[in-house]
Amino acid sequence: MKTIYVLNGPNLNLLGKRQPEVYGHETLEDVTALCEQAAAAGFAIHPAQSNYEGGLVELIHEAREKACGIVLNAGAYTHTSVAILDALNTFDGPVMEVHISQVHKRESFRHHSYIAMRADGVIAGLGTEGYAAAVRRICQLCES
Ligand code: DQA
């Protein structure tokens with residue numbers, strides 16, 4: 001069984017309650033269910049969330065040993081974290097960056113992404129469906 005790490009950053013534990021007009025009503029548990037449905041046969045989903053930059057760095061280090069690919073919504077750290085970019089650069093497999101909202105339509109500070117400098121694909125504005133699309137792409141990339 002190949003494992004895909006689906007990692008979420010700060011404030012995403014509040015998905016469904018936090019600014020539903022921006023991020024919708026689905027919860028992180030719903031996201032995990034969507035990812036499990038989207039995964040191809042032979043792939044397992046490992047979901048994890050941290051509100052801490054270092055927590056996300058450690059999860060990416062763990063993925064080095066355990067995951068074939070990473071789906072990452074780093075939340076606000078997307079726009080600020082060289083440490084998370086450096087951690088992703090230690091990971092050999094495919095990485096997909098996901099944003100629930102269409103960040104390019106929002107404030108200019110959300111337009112820049114450090115994660116995009118490493119990601120093999122970037123999805124923004126598909127709502128939680130973006131995670132499922134990212135999982136499908138990781139399955140393709142891990143199979144080829
Ligand atoms: C987000 C967009 C980020 O700008 C924001 O800080 C988040 C969520 C998204 O999923 O749309 O926390 O990554």
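**Cysteines and ligand shell**

Biologist: Which cysteine sulfur is closest to that of Cys35, and how far away is it?

Modeller: A disulfide is a pair of cysteine sulfur atoms within 2.5 Å. Here the closest cysteine sulfur to that of Cys35 is in Cys139, 9.9 Å away, so it is too far for a bond. This is a predicted model: local features need pLDDT of at least 70, side-chain atom pairs count only at pLDDT 80 or more, and totals for chains, interfaces and linings use all residues. Residues are numbered from 1 along each chain as its sequence is written, and side-chain values use heavy atoms, with hydrogens and water left out.

Biologist: How many disulfides does the whole structure hold?

Modeller: Zero, by a search of the whole structure. Cys139 is in none; its nearest cysteine sulfur belongs to Cys142, 7.0 Å away.

Biologist: Is Cys35 buried or exposed? And Cys139?

Modeller: Buried means under 20% relative accessible area (1.4 Å probe, protein chains only). Cys35 has 0% relative accessibility, so it counts as buried. Cys139 has 2%, so it is buried too.

Biologist: Which residues are around the ligand?

Modeller: The test is a heavy atom within 4 Å. The ligand's shell holds Arg18, Tyr23, Asn73, Gly75, Ala76, His79, His99, Ile100, Ser101, Val103 and Arg110.

Biologist: How far is a polar side-chain atom of Asn73 from an oxygen atom of the ligand?

Modeller: A polar contact pairs N or O atoms within 3.5 Å. For Asn73 the distance is 2.8 Å. An N or O atom in the His79 side chain lies 2.7 Å from a ligand oxygen. For the Ser101 side chain, the distance from such an atom to a ligand oxygen is 2.6 Å.

Biologist: How much of the ligand does the protein bury?

Modeller: The ligand taken alone exposes 320 Å² (Shrake-Rupley method, 1.4 Å probe). The protein buries 99% of that.

Conventions:
A polar contact is a pair of N or O atoms within 3.5 Å; within protein, one must be able to donate a hydrogen and the other to accept it, and residues adjacent in sequence count only if both atoms are side-chain atoms. Buried means under 20% relative accessible area, exposed over 50%, partly exposed in between (1.4 Å probe, protein chains only).
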